[in-house]
Amino acid sequence: MAPTPPGNRRTRVHVVSDVHGNARDLARAGDGADALICLGDLVLFLDYADHTRGIFPDLFGAANADRIVELRTARRFAEAHEFGARLWAGVGGDRRELIEGAVRKQYAELFAAFPTPTYATYGNVDMPPLWREYAGPGTTVLDGERVEIGGRVFGFVGGGLRTPMRTPYEIGDEEYAAKIEAVGEVDVLCTHIPPQVPELVYDTVARRFERGSRALLDAIRRTRPRYALFGHVHQPLARRMRIGATECVNVGHFASTGRPWALEW
């Protein structure tokens, strides 16, 4: 990764989201940039494209992963929850310890792959209490906070809103809105989830609307950042659109593309 640019030299930032275990490409994601931004979802619990990959199939096998993906895709969330509970009941050992141990293995590899400097926030499948253990001196973790990069102010809000999926870092609407409010006016607003706009929250492969944030949409309209960057929806109906003065961009499903989105000024 290039050093911080002196004087009036142009600044280039690479942005990734939904890494989901792709440490190999993450190690190269900052090449040619002055900084890397990560919008979360480092953990791979279950790969919906390849059901043999992730913590779930490692514990329960690909056939059971096929079944739970089938139930979730059909929006039969209660059945999926019951099915998962039966699987966990047959596993020896503490569920929380098993998951945390698997997540720790992934975090050790992924945080080691971050270049310097990296600015990161949490995704909905991440476990924030563990990040402080793995984030090295070159990685700055932000949530409801701001930082200046190359003369522009970037605001960061991590996590997702509550859903029937019950992923690890889902929070209430009021708590999420408070973090948006704490960030205030910025040049670039960085979040894991998109604003609540149908074209931005609909996943064309999963065939469902993911949860976006109305508070985020209101903040974009009110504070008019240059860019609003996010991920979360892996195959969105629209990858970018303008809301007033703001260019809203889904930076892509890094786990599958292995390519960062670039912002230069």
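Here are some notes on this predicted model, point by point.

1. Ground rules. Since this is a prediction, local features are taken only at pLDDT of at least 70 and side-chain atom pairs only at pLDDT 80 or more, while totals for chains, interfaces and linings use all residues. Numbering runs from 1 along each chain as its sequence is written, and side-chain values use heavy atoms, with hydrogens and water left out.

2. The main core. The largest nonpolar core holds 56 residues. A core here is a set of buried Ala, Val, Leu, Ile, Met, Phe, Trp, Tyr and Cys residues joined through side-chain atoms within 4.5 Å; buried means under 20% relative accessible area, exposed over 50%, partly exposed in between, with a 1.4 Å probe and protein chains only. V16, V19, L26, L42, V103, Y107 and Y176 have the most contacts inside this core. Its largest share, six residues, comes from α5. Helices are DSSP runs of H or I with at least four residues, strands are runs of E with at least two, and both are numbered from the N terminus. Apart from this core lies another one of 19 residues, including A35, F154, F156 and V249.

3. Setting aside neighbours within four places in sequence, Y107 is in contact (heavy atoms within 4.5 Å) with L42, V43, A112, D126, M127, L130, W131 and Y134. Y107 also belongs to one aromatic cluster, together with F111, F114, Y122, W131, Y134 and Y169.

4. Aromatic pairs. There are 14 of them, counting rings of Phe, Tyr and Trp (its six-membered ring) with centres within 6.5 Å; planes under 30 degrees apart are stacked, over 60 edge-to-face, and the rest tilted. Take F60 and W88: the ring centres are 4.9 Å apart and the planes at 90 degrees, so this pair is edge-to-face. F60 sits in helix α2 and W88 in helix α4 (residues 77-89), so the pair ties together parts 28 residues apart in sequence. F60 is buried at 12% relative accessibility, and W88 is buried as well at 11%. F111 and W131 make another edge-to-face pair, at 5.2 Å centre to centre and 80 degrees between the planes. Here F111 is in helix α5 and W131 in helix α6 (residues 128-134), so parts 20 residues apart in sequence are tied together. Both F111 and W131 are buried.

5. The second largest pocket. This pocket has about 180 Å³ of space. On a 1 Å grid over the protein atoms alone, a pocket is an open set of points with protein on both sides within 12 Å along at least five of seven lines, a cavity is a set where a 1.4 Å probe fits but cannot get out, and lining residues have an atom within 4 Å of a point. Points are joined across faces, edges and corners, and volume is the space filled by probe spheres set on them. The lining consists of G21, L44, G54, I55, D58, L98, G101, A102, K105 and Q106. α2 (55-60) and α5 (95-113) each supply at least two of the lining residues, and α5 gives the largest share, five. By class, the lining has four nonpolar, four polar and two charged residues; Ala, Val, Leu, Ile, Met, Phe, Trp, Tyr, Cys and Pro count as nonpolar, Asp, Glu, Lys and Arg as charged, and the others, Gly among them, as polar.

6. The cavity. How many cavities of 30 Å³ or more does a search of the whole structure find? One. The largest cavity contains about 40 Å³ of space and is lined by I180, G184, L189, A219, R222 and T223. Helix α9 (residues 214-223) contributes the largest share of that lining, three residues.

7. G231. This glycine sits in the loop between β12 (227-230) and β13 (240-243) and is buried, at 0% relative accessibility. Beyond four places in sequence, G231 is in contact with S17, D18, L39, T191, H192, P194 and N250.

8. Backbone spots to look at. The peptide bond from T116 to P117 is cis, with omega near 0 degrees; P117 lies in the loop between α5 and β3 (118-120). D41, a residue other than glycine, has a positive phi near 60 degrees and is buried at 3% relative accessibility. R207 also has phi near 60 degrees, but R207 is exposed, at 58%, in the loop between β10 (202-203) and β11 (208-209).
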